[in-house]
Structures are given as structure tokens and as C-alpha cells.
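This report is meant for someone meeting the structure for the first time. Please keep the sequence and the model in view while reading.

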Amino acid sequence: MKNKMKKTITSTMLFAALLLTVATNSVQAQTKPATLARYKDTVEENLSADADINIVTEYVNTLVGGNADKAKMLLASNYKGYGPSAADSSTAEKVVSGWKQDYKVQSNRKFDFVKATFRVKSGNFKGNWVSLWGNYSFTQSGKNVTFPVHYNAHVTNGKIDRDYIYFDRLSVYQTLGYKLAPPAAAVAK
């Protein structure tokens with residue numbers, strides 16, 4: 001009886017393994033990955049590289065330097081900014097207003113960065129892009145804050161019409177002394 005039961009369990013396990021193998025191979029065959037586009041198929045050299053880099057560099061340095069109104073002149077009338085989180089978006093007026101608030105509480109602002117540029121050939125991101133990445137620092141409430149930033153700006157006709165900024169906002173707030181608290185429902189448990 002034991003041998004018969006052992007054979008039944010072994011046969012069942014072998015059959016299950018065979019089914020799993022067939023199903024896995026079948027799924028793999030049906031989900032063949034799409035051919036990835038090569039780098040040179042999607043981007044190319046930005047033919048106005050120096051001019052675009054100068055516009056974006058002037059914009060960022062003017063903001064950091066304390067003149068948001070002058071920086072605004074480098075933004076297109078249809079400007080839209082995004083980040084640092086996925087749900088964040090800004091108009092030119094909102095960007096200027098935010099920087100003016102920062103000027104009241106921050107000092108020693110500095111952004112050390114490197115820059116690169118490229119042109120996207122097609123799709124939603126088509127056009128000339130300038131990327132800056134480096135470290136932004138400032139002093140607020142006696143605390144020195146430094147954090148990495150990545151900034152991408154789309155330049156059309158000598159103006160920034162769209163940009164994306166990425167940085168870890170939570171680490172900045174924690175450096176300034178903010179505490180992260182769980183939601184009230186989690187505390188009640």
C-alpha cells in the first residue's frame with residue numbers, strides 16, 4: 001500500500017512538473033520581447049547644442065542666484081514643469097512664486113552640475129533636450145542641506161517649454177528636521 005501511494009504521489013508530482021514546464025515554455029513563446037530600438041535610432045546630436053546648453057545653464061544659474069523674474073524670461077509662454085514627484089506640475093508663475101518663497105528662507109544656494117544635450121527624433125519627447133545633474137546645496141534655519149538633482153529641459157526656439165526635475169524631497173525635509181509619521185490608521189492598530 002505504501003509503495004502504491006508513493007508511486008501515485010511521485011507520478012502526480014512528475015505530471016505536475018511536466019505540465020508546469022509545458023505551460024512555462026508556452027507562455028515564454030507567446031511573450032517574446034519586442035525588439036529594442038538602438039540608441040542612434042531614437043536620438044541624435046543636438047545641432048544647437050551650445051545655444052541650448054547656454055539657455056538652460058543661464059536659467060538655472062539665474063534661479064539659484066536669486067532672480068526668478070529674470071529666469072522666467074527664458075521660459076516659453078506655454079511652459080510646463082514636472083517633478084520631483086510624478087504628480088507635481090508647474091506653470092512659469094508657480095515656479096517663480098516657489099523660488100521667491102525659497103529666497104526668503106534659504107541662503108548660500110549653489111548648484112554644481114555637469115551638462116549634456118541630445119535631440120530625440122520622434123514621439124512625445126521629440127526635440128532638443130539639455131540634462132543637468134549634480135548637487136544642489138543651501139543653508140536654511142542654520143542647517144546645511146546638500147542633495148543630488150537631475151534636471152532635464154526641452155528647448156524650442158530659444159526657450160524652455162517643458163522640464164522635469166528629480167530629487168529625493170524626503171531626504172531634504174529630514175535634513176531640515178521634519179519627521180515622517182505613519183498615517184493615523186496605522187498608529188491606532
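## Basis of the report

This is a predicted model, in which local features need pLDDT of at least 70 and side-chain atom pairs count only at pLDDT 80 or more, while totals for chains, interfaces and linings use all residues. Residues are numbered from 1 along each chain as its sequence is written, and side-chain values use heavy atoms, with hydrogens and water left out.

## The chain as a whole

The chain contains 7 helices and 7 strands, where helices (H or I, at least four residues) and strands (E, at least two) are DSSP runs numbered from the N terminus. Read from the N terminus, the order of elements is α-α-β-α-α-β-β-α-β-β-β-β-α-α.

Of the 189 residues in the chain, 31% are buried; buried means under 20% relative accessible area, exposed means over 50%, and partly exposed covers what is in between, with a 1.4 Å probe and protein chains only. The accessible surface of the chain is about 13000 Å², and carbon and sulfur atoms account for 58% of that surface; such areas come from the Shrake-Rupley method with a 1.4 Å probe, and for residues only the protein chains shown count as cover. Among contacts between residues at least 6 apart in sequence, 57% join residues at least 24 apart, a contact being heavy atoms within 4.5 Å.

## The largest pocket

The largest pocket holds about 980 Å³ of space. On a 1 Å grid over the protein atoms alone, a pocket is an open set of points where a 1.4 Å probe fits, with protein on both sides within 12 Å along at least five of seven lines, and lining residues have an atom within 4 Å of a point. Grid points are joined across faces, edges and corners, and the volume is the space filled by probe spheres set on the points.

The pocket is lined by 35 residues, of which Pro-84, Trp-99, Asp-102, Ile-165 and Phe-167 are the closest to its centre. Helix α5 (residues 92-105) gives the largest share of the lining, with 6 residues. By class the lining has 23 nonpolar, 7 polar and 5 charged residues, where Ala, Val, Leu, Ile, Met, Phe, Trp, Tyr, Cys and Pro count as nonpolar, Asp, Glu, Lys and Arg as charged, and the others, Gly among them, as polar.

## Around Pro-84

Arg-169, which lies in helix α6, is 85 residues from Pro-84 in sequence, yet their C-alpha atoms are 7.4 Å apart. Not counting residues up to four places away in sequence, Arg-169 touches Pro-84, Ser-85 and Asp-88; Arg-169 is partly exposed, because its relative accessible area is 30%.

Tyr-151, in strand β6 (residues 143-156), is 67 residues from Pro-84 in sequence and 9.5 Å from it in space, C-alpha to C-alpha. With a relative accessible area of 5%, Tyr-151 is buried, and beyond its neighbours within four places in sequence, its contacts include Val-56, Tyr-59, Leu-132 and Ile-165.

## Aromatic rings

Rings of Phe, Tyr and Trp (its six-membered ring) pair if their centres lie within 6.5 Å, and planes under 30 degrees apart count as stacked, over 60 as edge-to-face and the rest as tilted. By this rule there are 13 aromatic pairs. In one of them, the rings of Tyr-136 and Phe-138 have centres 5.8 Å apart and planes at 45°, so this pair is tilted.

Ser-137 lies in strand β5 (residues 127-140) and counts as buried, because its relative accessibility is 18%. Apart from neighbours within four places in sequence, Ser-137 is in contact with Asn-108, Arg-109, Lys-110, Val-145 and Thr-146.

Asn-108 is part of strand β4 (residues 106-120) and, at 56% relative accessibility, counts as exposed. Although Asn-108 is not a glycine, it has a positive phi of about 55°. Ser-141, located in the loop between β5 and β6, also has a positive phi of about 55° without being a glycine, and Ser-141 is exposed, with a relative accessible area of 66%.
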